[in-house]
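New notebook, new structure. I'm opening it up and jotting down what I look up as I go.

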Amino acid sequence: MKLLTSKSLKRRLIAQLLLFQVGILFLFSVAFVAYLLQVGEGIVLSDPAFADAAANAIERKADGHLVLNETEELTKLRQHSTNFWFVARSEKGEIIQTGDVPPVYAVMAQHLDSITFADIRDTQAPFTYLAVIRRSSGPAGDFIVLGKGDVLSMTYAILLLSNLLMVPILVLLVIITVIAIPWIVSRAFSRLSTIAKEAEAIDIDRRGYRLPETGIPNEVVPLVNAINGALQRLDEGHERHQRFILDAAHELRTPVAILQTRVETIAEGPIRNRLLSDASRIAALAEQLLDLQRLDVMRERFTPVDLVDICRNVAADMAPLAIAQGYDLSLETRLEHLVIQGDAGALQRVVFNIVQNAIEHGGGKGTITIRIVQPANIEITDEGPGIPAGERERIFEPFHRLHAHEHGAGLGLNLVREIMQRHGGQVVASDNPRGGACFHLTFPL
């Protein structure tokens with residue numbers, strides 16, 4: 001049932017081509033039979049099998065004379081054949097005959113040494129002059145036999161012979177067709193398979209890419225053009241979207257800086273501290289939006305970067321904040337240097353965001369550990385409540401918060417994943433064996 005409902009264009013083309021060929025062959029066969037029945041009506045011929053029976057019935061006596069024995073074959077021919085007769089001439093010119101031989105053939109019998117094969121047809125009943133000439137051998141030697149045996153329809157004979165000839169041709173044609181058509185169709189679809197593979201490679205990081213339009217069937221060109229047009233419009237929309245976010249982030253920086261300056265002039269108190277905290281969150285959100293926009297040009301400025309130096313700098317910068325929040329911040333590594341190709345500022349943002357995330361969600365106690373191991377891995381662990389298994393992928397989505405009441409914008413971990421992907425690496429969240437969360441960063445060498 002699945003095969004019948006299959007929407008495979010390749011299968012449908014092959015099936016339709018095969019059915020078309022079978023239909024053409026069937027119609028040709030019907031037309032051929034109808035033509036034979038029309039033109040062959042009333043045309044008959046004599047079955048030449050009697051010639052062998054005649055030669056086998058002729059015997060040479062001891063005195064050298066030829067005699068005709070009434071063999072079983074000969075008796076059957078007399079019973080089934082209307083007006084059965086034949087004339088046989090030996091190599092020595094001896095003639096022996098039986099039945100009512102037409103006078104014209106009795107005269108022809110004297111000259112059978114010059115004729116060895118003939119089919120003489122008669123289109124008018126009772127087919128008196130219908131006869132065949134064949135060479136045949138028997139106990140008495142070789143003979144040229146002229147005579148009339150069973151009457152066969154000419155149409156039947158032609159159909160029989162044509163079928164014997166057509167059957168192997170049809171079988172060969174079917175085999176060739178079954179092999180050739182799928183190969184031809186596969187070649188026609190090969191370029192489409194290439195385009196499909198090219199389309200699978202299109203993603204947000206390959207903006208400006210278009211499907212190739214060369215070497216494809218004309219019938220598919222409009223579809224490829226439509227897809228390329230859609231990609232063009234998506235690229236333009238993405239550029240407009242990116243420009244809007246970039247402009248908005250830039251525009252936010254100035255009023256936020258002014259707001260922070262004015263809030264700092266307010267007298268010390270809970271309201272001032274809350275306003276400064278809110279302004280810092282807005283400033284951090286603007287910076288994160290700018291960081292996301294900078295990712296597009298990040299690969300163009302990759303340089304040798306020391307991961308050990310980056311982790312040392314982040315640990316030194318974040319230690320006061322971590323201690324103030326009740327944590328110990330530890331850097332563990334036996335390496336002096338671990339150099340990879342990348343963007344130093346972006347990678348520092350990766351480590352900074354994960355450590356900041358640990359400070360915010362680690363429960364205010366325990367140790368936050370930055371561990372650097374070979375070949376190029378960084379592990380950042382805390383001893384807090386950890387991350388539920390069902391949330392370990394979603395926390396990297398933009399604007400996703402683990403808890404609805406959290407104050408963050410939900411862009412920090414999304415920025416981490418984007419930066420790692422731009423560097424050809426990956427970030428995975430898991431459980432810390434000692435309790436808490438573990439972020440594992442893997443970089444290519």
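First, a term I'll need: I call a residue buried when its relative accessible area is under 20%, exposed when it is over 50%, and partly exposed in between (1.4 Å probe, protein chains only). I'm working on a predicted model, so I note the rules: local features need pLDDT of at least 70, side-chain atom pairs count only at pLDDT 80 or more, and totals for chains, interfaces and linings use all residues. Residues are numbered from 1 along each chain as its sequence is written, and side-chain values use heavy atoms, with hydrogens and water left out.

**Entry 1: the whole chain.** I looked up the overall make-up and got ten helices and 16 strands. Both are DSSP runs numbered from the N terminus: helices are H or I with at least four residues, strands are E with at least two. Of the 445 residues, 34% count as buried. The protein exposes about 26400 Å², and carbon and sulfur atoms supply 59% of that. I take these areas from the Shrake-Rupley method with a 1.4 Å probe; for residues, only the protein chains shown count as cover.

**Entry 2: Ser136.** Is Ser136 buried or exposed? It is buried, with a relative accessible area of 3%. Ser136 sits in strand β7, residues 131–138. Leaving out residues up to four places away in sequence, I find Ser136 touching Ala51, Asp52, Ala55, Gly141, Asp142 and Phe143. A contact here means heavy atoms within 4.5 Å.

**Entry 3: strand β4.** I checked β4 (residues 85–90) and found six of its six residues buried. Side chains in a regular strand alternate between the two faces of the sheet. In β4, Trp85, Val87 and Arg89 are on one side, with Phe86, Ala88 and Ser90 on the other. Which strands does β4 pair with? I found antiparallel pairing with β8 (residues 141–148) over six bridges, and four bridges to β5 (residues 95–98), also antiparallel. Two strands pair if DSSP finds at least two bridges between them. Ala88 stands opposite Val145 in β8, while Val87 stands opposite Gln97 in β5. The hairpin of β4 and β5 has four residues between the strands, and Gly93 in the turn has a positive phi of about 90°.

**Entry 4: a five-stranded sheet.** Next I traced an open, mixed sheet in the order β11-β13-β14-β16-β15. β11 (328–332) and β15 stand at the edges with a single partner strand each, so one side of each has no neighbour in the sheet. Neighbouring strands here are turned by 15° against each other on average, direction ignored. β11 and β13 (residues 367–373) run parallel with five bridges. β15 (residues 426–431) and β16 (residues 437–442) run antiparallel with six.

**Entry 5: helices on that sheet.** α9 (residues 344–361) lies across β11, β13, β14 and β16, at about 150° to β13. α10 touches β15 and β16, and its direction makes about 135° with that of β15. I get such angles from lines fitted to C-alpha atoms, for helices over the stretch in contact; they run from 0 to 180 degrees between N-to-C directions. In α10 (residues 412–422), nine of the eleven residues are buried, including Leu413 and Met420.
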